[in-house]
Amino acid sequence: MPELLTPTVAVIGGGPGGLSAAARLAPELDQVLVLEREQQAGGIPRHSDHPGYGIRDRKRFMSGPAYARALEADARAAGAQILTGWTVTGWADEDTLAVTTPRGLLHVRPDAFCFATGARERPRTARLVPGTRPAGVLTTGQLQNLVHVHHQEVGRRAVVVGAGLVSWSAVMTLAEAGCATEALVSEHPVGESYALFRVPGKALFRTRVETTSRVVAIHGRTRVTGVEIEDTRTGNRRTIDCDTVVFTGDWIPDHELLRSAGVEIDPASGAPVVDAAMRTSKERVFAVGNLNHPVDTADVVALAGTHAGERILEHLAGRPAPEASVRLMAEDPIRWVSPSRWAPGGPAPARNRLVCWMDRLVTRPVVTVRQGGRVLARRRLPWPAAPGRTFRIPSGVLDGVTADGGEVRLSVD
Ligand SMILES: Cc1cc2nc3c(=O)[nH]c(=O)nc-3n(C[C@H](O)[C@H](O)[C@H](O)COP(=O)(O)OP(=O)(O)OC[C@H]3O[C@@H](n4cnc5c(N)ncnc54)[C@H](O)[C@@H]3O)c2cc1C
């Protein structure tokens with residue numbers, strides 16, 4: 001029988017969400033374990049070596065690796081044990097994790113679970129892009145690992161699929177590796193990133209954004225030689241010569257461990273259904289970070305980690321969960337909303353915000369909340385609702401929701 005560990009809380013995933021939750025929990029509890037499969041904690045920021053981290057949570061403008069080190073140091077200083085090279089591979093039983101570690105297989109049975117496994121980009125195969133299967137096709141995560149962790153070469157000319165914030169992060173990494181970006185390809189009429197990045201980005205990296213376009217084929221035998229794109233308005237096709245293709249964005253929450261435990265998953269986002277306290281449908285199981293909302297920025301995730309830590313402390317102290325809650329449902333063009341369950345009278349969500357993902361740009365959004373066909377709130381927001389990044393709605397729009405009124409529908413027009 002494998003050795004059994006019984007910490008008060010097991011945090012699964014040592015990225016910004018997990019480390020921040022651990023930093024909040026550890027000073028108050030006997031034992032908080034962070035189980036991280038990589039050799040180093042820190043999550044995505046570890047290999048995202050550019051500035052732009054820590055703005056809201058640390059009030060600083062930091063590089064990804066510096067930010068990752070700071071979060072890890074905080075969690076350790078708070079008393080959390082960070083166990084790297086520890087991969088949670090499944091469930092030994094309903095209450096016990098099976099973990100592969102440098103010491104062999106172990107079992108971990110905590111009083112509460114905090115899942116913070118993040119999200120990953122959909123790879124080329126899952127995007128069903130036709131054409132040949134040459135080398136040189138990557139996701140942003142693979143690219144940044146190759147360049148920043150393994151210091152390898154990528155190519156000379158790249159096409160980046162997507163034009164969101166993460167896509168520009170890929171452009172920066174490519175430039176650092178000596179690879180020019182020929183174009184970014186976006187299905188939308190305007191690139192998904194903030195104009196603040198898009199406009200100087202095009203000039204600085206001498207590139208362009210091919211809007212209302214999609215990749216219809218990848219060419220090349222052993223190595224990529226070009227990408228064929230189609231203008232979705234005219235149907236015209238042409239090939240951009242390149243030796244590297246980077247697929248960016250299009251996120252899938254890393255939900256396998258929760259799905260296999262029978263936790264309810266939101267079909268719209270692939271994320272676990274959680275309430276504002278980040279409770280999943282399984283007793284004692286909490287979820288935080290980009291696992292819940294693929295994807296938001298690391299500072300927002302870190303603040304959500306602190307929030308999750310506080311809610312887990314309340315749970316461990318015996319504070320009862322609200323008795324009733326209702327589902328929050330998103331209507332087109334909102335793809336999903338997090339939290340996706342709402343308990344009237346329960347705690348507010350992290351930063352008093354609902355986090356949504358948009359399928360279409362709405363420049364002057366008016367949010368409408370309906371329950372049982374009745375309009376509960378209508379509010380104009382001063383910021384645009386744009387695809388490719390999260391759209392945040394003050395949670396006060398849900399103030400009129402009742403526990404017996406049925407599901408709540410959110411729409412934007
Ligand atoms: C290319 C790129 C650039 C970005 N740039 C910025 C930026 O400039 N500023 C910003 O604020 N945000 C940026 N972000 C977003 C930011 O990185 C994420 O919001 C943040 O990392 C999410 O934190 P997380 O803890 O939810 O997940 P992650 O950072 O993904 O961490 C999840 C952790 O869980 C571990 N894990 C997963 N499964 C298991 C398992 N079974 N067992 C053990 N461990 C497991 C993983 O190894 C990982 O360490 C960027 C993201 C990308 C992809």
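Me: How do I read residue classes around a ligand?

Reply: Asp, Glu, Lys and Arg count as charged, and Gly is among the polar residues. In this predicted model, the shell around the ligand has 12 nonpolar, 18 polar and six charged residues.

Me: Which residues come nearest to the ligand?

Reply: The shell has 36 residues, and Gly-13, Gly-15, Gly-43, Gly-118 and Gly-289 come nearest.

Me: Which elements each supply at least two residues of the shell?

Reply: Several helices and strands do, including helix 1 (16–25), strand 7 (87–93), helix 4 (140–149) and helix 8 (298–316). By domain, at least three shell residues come from domain 1 (3–121 + 251–321) and at least three from domain 2 (125–247).

Me: How do I find the buried side of a helix?

Reply: An α-helix has 3.6 residues a turn, so residues three or four places apart point the same way. Now take helix 4. Thr-140, Gly-141, Leu-143, Gln-144 and Val-147 are buried there. They cover an arc of only 155° around the axis, so they sit on the same side of helix 4.

Me: What do the buried residues of helix 4 pack against?

Reply: Their partners are strand 11 (119–121), strand 12 (137–139), helix 5 and strand 19 (244–247). Just after helix 4, His-151 has a positive phi of about 50°.

Me: How is the chain divided into domains?

Reply: Besides domain 1 and domain 2, there is domain 3 (334–412). The C-alpha centres of domain 1 and domain 2 are 31 Å apart. Six residues from domain 1 and 10 residues from domain 2 make the contact. The domain 1 side has no nonpolar, three polar and three charged residues.

Methods:
Residues numbered from 1 in each chain as written. Predicted model: local features only at pLDDT ≥ 70, side-chain atom pairs only at ≥ 80, totals over all residues. Near = placed C-beta within 6 Å. Helix = DSSP H or I, 4+ residues; strand = E, 2+ residues; numbered from the N terminus. Domains from an automatic or database assignment. Buried ≥ 20, exposed ≤ 12 C-beta atoms within 10 Å, placed from the backbone. Arc of directions from axis to C-beta. Contact = placed C-beta atoms within 7 Å.
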